[in-house]
Amino acid sequence: MSRIQIEGVTRRFAGARRDAGPVTAVDRVWIDVADGEFLVLLGPSGCGKSTLLRMVAGLTAPSAGRILLDGRDITATPPRDRDLAMVFQSYALYPHLSVGRNIGFPLRTRGRRRADIDARVAEVAAVLGLEGLLDRRPRALSGGQRQRVALARALVRDPGAFLLDEPLSNLDATLRTATRAELGDLHRRLGATFLYVTHDQVEAMTMATRVAVLNGGRLEQLGTPEEVYDAPASVFVAGFIGSPAIRLLPARLWSDAGELRAVGADLEIPLGPGEDPDGRDVLVGARPEHVRLAAPGATGPLWRGTVRLVENLGGEEVAHVAVGGHDEPGSRIAVRGPRPLGLAVGNAVALTCDPDRVH
Ligand code: ADP
């Protein structure tokens with residue numbers, strides 16, 4: 001049983017350099033992590049993810065707000081008295097201890113009996129496939145094995161919740177994909193609460209039950225992976241989730257005989273029945289995987305532009321199209337689909353998507 005309630009938590013730091021002002025690393029964040037959830041804190045470098053996780057672990061004190069574990073206020077509880085285990089990016093293994101002694105370390109510091117420790121280490125090693133490695137030193141292990149030892153050491157105390165700070169970032173791409181699947185599987189088997197920090201949206205989308213998207217210390221959106229993908233709550237989330245993410249271009253809303261349209265340079269997007277008497281300025285776009293070439297004379301959303309770049313992703317291609325003079329890489333409309341897309345640099349193209357895919 002481990003529910004973690006993060007209630008209005010803020011953390012300010014004095015400037016890291018003498019000439020720098022104070023930093024609000026985490027700014028009034030509220031997150032209620034349900035028992036058994038796999039909640040991912042996602043955002044770019046410096047958005048406050050690690051600071052938030054460290055506050056839950058008790059390694060950093062909040063400047064304001066409180067943290068509850070199963071309804072108990074633990075804001076001032078020392079780290080070792082919280083029923084939580086932390087796994088760091090660096091694994092933080094003791095180089096002079098064998099794998100078995102590394103895994104058993106948290107039990108030894110709690111004065112458990114040798115025989116009990118050995119039995120529990122063997123049990124946890126079996127869960128993570130480390131049985132044959134218990135006598136080795138960490139330096140004789142691969143990155144993936146070290147990562148599993150760090151997990152085993154967290155698991156050995158059978159904590160109510162696991163706090164993981166970018167645990168896969170030191171692994172190469174292939175191993176990262178495999179370990180991602182293993183972690184998801186481990187979470188299902190343990191039924192424990194996972195609070196997991198990453199800047200990698202693929203990790204968030206594949207493993208999380210819910211994702212908390214952070215930006216500049218603030219919570220931008222909290223929702224299931226489907227919710228943050230289908231209905232991003234802010235321009236930041238729209239531009240952060242997806243590969244490439246949604247490219248939004250400026251347009252103005254017009255209503256014409258009860259139909260609402262977003263109209264901008266070289267783009268015209270029907271938005272269905274509606275009125276907007278103010279002619280509001282908006283940003284409009286669609287996910288690259290939902291954009292496709294428009295048939296001549298087709299009705300529906302329409303972007304007109306010129307192909308500037310075609311990227312080969314292996315099985316797929318992404319074409320980047322400059323629309324309405326917006327030719328900075330981040331504002332080209334992207335089209336993603338099976339290779340070959342049939343587009344070449346310099347082509348003049350008309351693009352469309354299903355109306356309900358427009359953001
Ligand atoms: P993330 O984990 O998302 O990369 P961090 O939580 O590490 O972000 O940092 C958030 C912000 O707080 C950054 O601007 C960082 O420079 C600042 N920060 C983090 N720790 C400290 C510290 N001990 N002293 C001063 N500033 C810090």
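User: What makes strand β9 (residues 210-215) and strand β10 (residues 218-223) a pair?

Analyst: Two strands pair if DSSP finds at least two bridges between them. β9 and β10 share 5 bridges, in the antiparallel sense. So they count as paired. Strands here are DSSP runs of E, at least two residues; helices are runs of H or I, at least four; both are numbered from the N terminus. This is a predicted model: local features need pLDDT of at least 70, side-chain atom pairs count only at pLDDT 80 or more, and totals for chains, interfaces and linings use all residues. Residues are numbered from 1 along each chain as its sequence is written, and side-chain values use heavy atoms, with hydrogens and water left out.

User: What lies between β9 and β10?

Analyst: They form a hairpin with 2 residues between them. Glycine 216, in the turn, has a positive phi of about 55°.

User: Why is arginine 108 called partly exposed?

Analyst: Buried means under 20% relative accessible area, exposed over 50%, and partly exposed in between (1.4 Å probe, protein chains only). Arginine 108 has 28%, so it is partly exposed. Its place is in helix α2 (residues 99-108).

User: How do you know that arginine 108 touches Leu97, Arg101 and Ile117?

Analyst: Contact means heavy atoms within 4.5 Å. Arginine 108 meets that with Leu97, Arg101 and Ile117, not counting residues up to four places away in sequence.

User: Why is helix α1 (residues 49-57) said to be largely enclosed?

Analyst: 7 of its 9 residues are buried, so the rest of the structure largely encloses α1. Among the buried ones are Leu52, Leu53 and Val56. Just after α1, glycine 58 takes a positive phi of about 95°.
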